[in-house]
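Visitor: Could you show me how to read the packing of helices and the nonpolar cores in a structure? I am new to this one.

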Amino acid sequence: MAKRLTAEQANALLASADSRDRAKALKALPPGVDVELVAKVVGDQLGDARSVWSVARHSKKLAAPIVRALVERLASVPGPSAIFLRVYLSGADDLALAWEQAMFRLLSLDTTYAWGSKQKRAKLEALAAEPKVIEALHAAVVSTQLMRMDWLAVLAIDASEASVDALMPHFERAAQDKGRSLDLLLELKRFASPTPSMTQLVARVDALVEERNSSSPALDFAARRGFGALKHFWFDLFLASDVQNVNGVPQSQGRLHIDSRQPSWFWCQVSRVDPEVRDFLGTRFGGRGEPIDLLKLGTCEADEVPQWLKAAGDKLRCTWDLEYGRPRTSLRGRKRLQMLNWLQTGT
């Protein structure tokens with residue numbers, strides 16, 4: 001049986017620069033541990049979105065004095081998770097119990113269940129039935145532009161006027177951007193309760209997606225390739241050269257992206273992966289900012305990609321393995337092979 005840490009040992013681990021040491025201490029905090037130090041370590045983790053799950057998983061049980069110190073610290077901790085906790089813990093009589101419950105709620109808002117699964121729905125519906133969770137989510141969701149879909153889905157299930165108001169900034173940003181965020185918000189239809197406000201909001205997203213998709217140049221591009229009239233079209237290809245560098249990875253790498261669901265519907269980039277060169281050395285053009293052509297490969301339109309790839313390969317002294325990264329695309333079967341053949345031959 002492992003020997004329990006002393007307060008001095010725990011304090012030393014908490015003050016360590018090694019995250020594994022800090023995690024070891026947090027899992028088994030002994031009596032007499034430095035309360036302010038624990039609050040600082042946990043607070044810092046809550047401010048880092050990548051560490052929130054670790055806090056919820058490994059720091060579920062904290063003594064009331066530590067939680068009290070944490071509540072004071074949360075006012076200066078950035079991020080929606082800290083805001084969620086500030087609201088959820090406010091007014092709690094038993095801070096230790098409230099903290100444990102809050103950690104369980106955060107874990108329930110970050111499950112790996114499939115989006116449309118019964119398990120996911122059960123988790124989210126249970127959260128939507130708790131007024132304190134809804135109140136905390138209102139504040140957290142409004143505070144960030146990050147779309148945490150489980151959080152938004154709970155509000156869509158609740159579908160009250162206040163929840164729709166909290167969702168509205170995300171819908172407005174998506175309406176302006178007309179990108180992938182619109183498609184993500186459309187996924188809320190699986191959970192949205194049929195209140196008038198929620199139904200109207202979802203209908204608006206439906207209309208915006210339809211308008212965007214039907215007018216995208218990517219659909220005209222797909223029609224010219226012989227794929228007919230498509231509702232949406234996307235093709236994402238990792239480009240890898242047959243020549244490898246000293247580390248055994250393709251010396252020239254890139255990406256070709258065409259997507260009717262995004263305003264920047266076409267872009268392409270290629271870079272040389274040279275272990276001795278730390279700075280980016282590549283060519284990028286299309287809809288992702290200003291063109292860069294450090295490799296002097298030139299640029300092209302979407303219909304000219306096969307010729308561009310051939311010329312770029314000749315200049316880089318390589319050929320492209322188009323199956324290296326397994327293309328991700330809305331095309332299936334014969335049409336997928338037809339697209340790859342066009343890239344290879346131009347016909």
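Guide: We will look at helix pairs, then at the cores. Please keep in mind that this is a predicted model.

Visitor: How are two packed helices described?

Guide: In general, one gives the angle between their axes and the distance between the axes. Here, helix H8 (residues 118-128) packs against helix H10 (residues 149-158) at about 65°, and their axes are 9 Å apart. The crossing of this pair is right-handed.

Visitor: Which residues of H8 and H10 meet?

Guide: From H8 come Lys120, Leu124, Glu125, Leu127 and Ala128, and they meet Asp150, Ala153, Val154, Ile157 and Asp158 of H10. By class, this contact has six nonpolar, no polar and four charged residues.

Visitor: At what angle do H7 and H8 cross?

Guide: Helix H7 (residues 95-108) and H8 cross at roughly 140°, with axes that come within 10 Å. The two are therefore oblique to each other, and their crossing is left-handed. Phe104, Arg105 and Ser108 of H7 make the contact with Lys123, Leu124 and Leu127 of H8.

Visitor: And the cores? Which residues touch the most other members of the largest nonpolar core?

Guide: In soluble globular proteins, nonpolar side chains tend to be buried together. The largest nonpolar core here has 75 residues, and Leu14, Phe84, Leu85 and Trp99 touch the most other members. H10 gives the most to this core, with eight residues. A second, separate core has 33 residues, including Phe227 and Val270.

Visitor: What does Trp99 touch?

Guide: Leaving aside residues up to four places away in sequence, Trp99 touches several residues, among them Val42, Leu46, Ser59, Lys60 and Leu85.

Note on methods
Residues are numbered from 1 along each chain as its sequence is written. This is a predicted model: local features need pLDDT of at least 70, side-chain atom pairs count only at pLDDT 80 or more; totals for chains, interfaces and linings use all residues. Side-chain values use heavy atoms; hydrogens and water are left out. Axes are lines fitted to C-alpha atoms, for helices over the stretch in contact, and angles run from 0 to 180 degrees between N-to-C directions. Helices (H or I, at least four residues) and strands (E, at least two) are DSSP runs, numbered from the N terminus. A crossing is left-handed if the near helix is turned anticlockwise from the far one by less than a right angle, and right-handed if clockwise. Contact means heavy atoms within 4.5 Å. Ala, Val, Leu, Ile, Met, Phe, Trp, Tyr, Cys and Pro count as nonpolar, Asp, Glu, Lys and Arg as charged, and the others, Gly among them, as polar. Angles under 35 degrees count as roughly parallel, over 145 as roughly antiparallel, 65 to 115 as roughly perpendicular and the rest as oblique. A nonpolar core is a set of buried Ala, Val, Leu, Ile, Met, Phe, Trp, Tyr and Cys residues joined through side-chain atoms within 4.5 Å. Buried means under 20% relative accessible area, exposed over 50%, partly exposed in between (1.4 Å probe, protein chains only).
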